Amino acid sequence: MLYRESGQFISDYRADRRLFRLWQERAGFYLLLVFAFAVVPFIANDYWFSAILVPFLVLSLAGLGLNLLTGYAGQLSLGSAAFMAVGAFAAYNFHLRIEGLPFLLSFILGGVAAAGVGILFGLPSLRIKGFYLLVSTLAAQFFVQWVLTSVGWFSNNNASGVITAPPLLIWGRDFSSPAGRYLLTLAVVVALALLARNIVRSELGRHWMAVRDMDTAAAVIGIPILKTKLLAFAISSFFLGVAGALWAFTYLGTVEPHGFDLTRSFQILFIIIIGGMGSILGNFLGAAFIVLLPILLSNLSGTVLAGLIDPGQLENLQKIIFGGLIVFFLIKEPFGLARLWQNFRERSRIWPLRY
Amino acid sequence: MEFFFEVLLGGLLAGVMYSLVAIGFVLIYKASGVFNFAQGSMVLFAALTFVSLLERGIPFWLTFGITMLTMVVLAWAIERFMLRKLVNRPPITLFMATLGLSYMIEGLAQAVWGAQVHGLELGISDEPLELGGMLLSQFDIFAAGVAGVLVIFLSWLFNKTRTGISLRAVADDQLAALAVGIKLQRIWLIVWAVAGFVGLVAGLLWGARLGVQFSLSLVVLKALPVLIIGGFTSIGGAIVGGLIIGASEKLAEVFIGPIIGGGIENWFPYVLALVFLLVRPAGIFGERAIERV
Amino acid sequence: MSSPLLELSHISLSFKGVKAITDISFAVNEGEICALIGPNGAGKSSLLNVINGVYQPDIGDIIYAGTRLRRMQPHAAARRGIARTFQNIALFKGMSVLDNVLTGRNLKVRGSWLEQALHIGRAPGDEVIQRKRAEEIIDFLRIQPWRNSIVGTLPYGLQKRVELARALAAEPRLLLLDEPMAGMNHEEKADMSRFILDTQREFGTTIVLIEHDIGVVMNLSDHVVVLDYGKKIGDGTPQEVRENPDVIAAYLGTSH
């Protein structure tokens, strides 16, 4: 009975398509925002900011980007990290080469550059589908990494292709402290998550899902397939590009092309499988899971299970657990943690009754 | 010109190795429609198990037997705990499951046998052989021979044995095969075990060449373009695709690489495969399904 | 109700040399319900696919609303006001009923993708208009209770109705229905017939449908075209067709 819709009559269509329909949802969301913006900065320490919260937020955003393409538009991709890399290196270059460019604008331009590359590698999706499309996204993965490594210009001729973040100055304020980087990342991620939530329930989102569920029928009712697919690639890559720029600037500080390798692409795919395909919330749940599990494991091996787990085996153990979880989720709950959360909500609507 | 042919032949022989990995893919794809990303980690697992047992002083053939038995057990576990529970799911789901599977197998292999590089000596000399003025690796020729024998063995298995015939029936139409009383689960077990065997052979040859190490599981990334070019359903296609990829990437690296900067071997096969896809979406040997509405 | 909306003249279609349709001509008047009947494999579905551009005919012309259509793609047909349903339901199974119906209105939507994504400009107002029209169709076909259900979870008969709703949402001038009553029981067929007649009366939509149940066809249609082995063997009012000796032969099987 904690969470229910009775008594809330929605009497016009505008109200029916609000981002959060029920007051419980709205209240929960605002409380969460207040907590994240106003409370967390005072209670978290630097370790939490730098090692947990910032990577969690950035990976959520990356998952969101991939989820738009794979979960909503149905186009599987193994090249997410490449689009992140484009975003990071483009943002770096925009900032470096255009005097006085506002910081946030260089993030956005980085995202736009990634969107352009996304469109390029999304072009084959008109003719090829399913696994075959993996080839195009893997081509993006390897080609982008190679270009960024072998063309010195992109890293301002750094010998090992490394780029370093400039001081994070926005409107004269320095956001370089761990708490500042956290707040900056949080603001960008919240804004883009709301944008994503709006997109998926707009006409554009319906086009994506129509193409995902049955593209021949979508064409027959007049949905332009190529435009829909390319927009999915572009917008997904935009999100990934901004995530890449954040990864380089607010999380790591310095990054090389190798930091955006295939393993990173897999990691982002795992986030959406565990978190839930076709869900916005799922990306946050999946990212939290993937950031926290290794920390939990290493803490466990140092304390409760000390002596039982050889520290050298931690990485292998992690791989086995992640792999196992992927298989487990695909078998038991293909819509991931987000669906588990939804089931819980449905339950709480009628709690304490069972039906 | 002689140098050109030398590079070409070297590339072709390297391509044989890609073909070997790709054949494992084709087998599984034909019988269960699964695009098995874990084929690479199966290669790693087999090679690592083999070399670790050999280093413990177990005779060659016994080691081979034990490793093969391990691969059968692995196939059984995959069928029992994964495939059986994913019947009737979309191919993309199955693919992602094999991605998870590959993480599990890699983690398991390294947890049991460690992550260090092992040398593997199969007793074949790698002294270059001079043939018509060109230098060729003796080992590569041996590998090509093994691949040939393997293909003959597999065609016999598929075309002449009862199992092979039911296997082709399953590949053609799972429901119809079930209806005539073919046990799907047994077929899957056999196919995954045979793919494990092919993985073992590929792992031994690759391992003898490059050392048995983690990078073995990455050959899966080369096999994908091979399959695109050859088609997912043809063993012959896998061979031809492997040869094309092997030869063209070596030629590209040697002749184009210096012009645009080295290290293009990583992405070149993919760009080539992409070009193929746009021109001939079903590969050279694959059949194109007619879409019905 | 007299000028033809759709005219097929001398249409032939073959797949890899196998003839599916041979030299078929007939006309469908504005506002009528025209039934295509014939045994399985007679080429009925192929003919629908030709009309809305899924297949291109080898030879022959399609004249629709006075315009000759050549090498037309399905989305171009949709733009001209031709909507259809499929023999094996082609709904978007992971989306809700409401969203499916809304996709049917995709050609009526105003506002660029950027306006939609950012919810600015024309998008917010347009969204409400489309929703209103979609709800009207949902009311018309009486599927309100399932508005927010995921289509893939609905029973077959309802899915057929949702598919009709999606087609009607496009406000078509010509509606092609491929076996709208296949696999339905008696009551469901009666409901569906009602909806089809109501569609014709309320919206003045011209309807071409394929149906196997001869009883339903005779009651429902103004005009019947009979196909057999890709050829037209009968064309006229239900009464005329019923008395046509070729049609009787094809259906009952006589030696020629």
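Helices and strands are here DSSP runs, at least four residues long for a helix and at least two for a strand, and they are numbered from the N terminus. With that in hand, the order of elements in chain B can be read off directly: from the N terminus on, it runs α-α-α-α-β-β-α-α-α-α-α-α-α. In total, chain B holds 11 helices and 2 strands. The model described here is a predicted one, and the values below were computed from it.

The overall form of chain B comes next. A compact globule of 293 residues would have a radius of gyration near 19 Å, and chain B has 19 Å, so the two agree. Taken along the principal axes, the C-alpha atoms of chain B fill a box of roughly 60 × 55 × 35 Å. Of the 293 residues in this chain, 45% are buried.

B:Phe60 is placed in helix α3 of chain B, which covers residues 60–81.

Chain C can be described in the same terms. Its elements are 10 helices and 10 strands. For 256 residues, a compact globule would have a radius of gyration near 18 Å; the value for chain C is 19 Å, which agrees. The C-alpha trace of chain C spans about 70 × 40 × 35 Å along its principal axes. Buried residues account for 44% of the 256 residues in chain C. Among contacts in chain C between residues at least 6 apart in sequence, 68% join residues at least 24 apart.

Both of these chains touch chain A. Where chains B and A meet, 37 residues of chain B are in contact with 32 residues of chain A. On the chain B side, α4 (91–113), α9 (220–230) and α11 (268–279) each supply at least two residues. The largest share, 16 residues, comes from α4(B). By class, the side of chain B that touches chain A divides into 27 nonpolar, 7 polar and 3 charged residues.

Where chains C and A meet, 30 residues of chain C are in contact with 25 residues of chain A. Which elements of chain C give two or more residues to the side that touches chain A? They are α2 (74–79), α3 (97–104), α4 (113–118) and α5 (123–140) of chain C. The largest share here, 5 residues, comes from α5(C). The side of chain C that touches chain A has 14 nonpolar, 8 polar and 8 charged residues.

Inside chain A, two pairs of helices show how packing can be described. Two packed helices are described by the angle between their axes and the distance between the axes. In the pair formed by α4 (residues 80–97) and α6 (residues 131–150) of chain A, the angle is about 30° and the axes are 8 Å apart. Because angles under 35 degrees count as roughly parallel, α4(A) is roughly parallel to α6(A). The crossing of α4(A) past α6(A) is left-handed. Residues making this contact include A:Ala81, A:Ala85 and A:Phe89 of α4(A), together with A:Ala140, A:Val144 and A:Leu148 of α6(A). The contact of α4(A) with α6(A) has 8 nonpolar, 2 polar and no charged residues.

The other pair consists of α3 (residues 46–72) and α7 (residues 178–200) of chain A, whose axes come within 10 Å and cross at roughly 20°. That angle makes α3(A) roughly parallel to α7(A). Here too, α3(A) passes α7(A) in a left-handed crossing. Among the residues in contact are A:Phe49, A:Leu53, A:Leu57 and A:Tyr72 of α3(A), and A:Tyr182, A:Leu186, A:Val189 and A:Val200 of α7(A). By class, the contact of α3(A) with α7(A) has 18 nonpolar, 3 polar and 2 charged residues.

Methods:
Residues are numbered from 1 along each chain as its sequence is written. Chains are lettered from A and ligands numbered from 1 in the order in which they are written. This is a predicted model: local features need pLDDT of at least 70, side-chain atom pairs count only at pLDDT 80 or more; totals for chains, interfaces and linings use all residues. The radius of gyration is taken over C-alpha atoms; the globule rule is 2.2 Å times the number of residues to the power 0.38. A residue is buried if 20 or more other C-beta atoms lie within 10 Å of its own, exposed if 12 or fewer, and partly exposed in between; C-beta atoms are placed from the backbone. Two residues are in contact if their C-beta atoms, placed from the backbone, lie within 7 Å. Ala, Val, Leu, Ile, Met, Phe, Trp, Tyr, Cys and Pro count as nonpolar, Asp, Glu, Lys and Arg as charged, and the others, Gly among them, as polar. Axes are lines fitted to C-alpha atoms, for helices over the stretch in contact, and angles run from 0 to 180 degrees between N-to-C directions. Angles under 35 degrees count as roughly parallel, over 145 as roughly antiparallel, 65 to 115 as roughly perpendicular and the rest as oblique. A crossing is left-handed if the near helix is turned anticlockwise from the far one by less than a right angle, and right-handed if clockwise.
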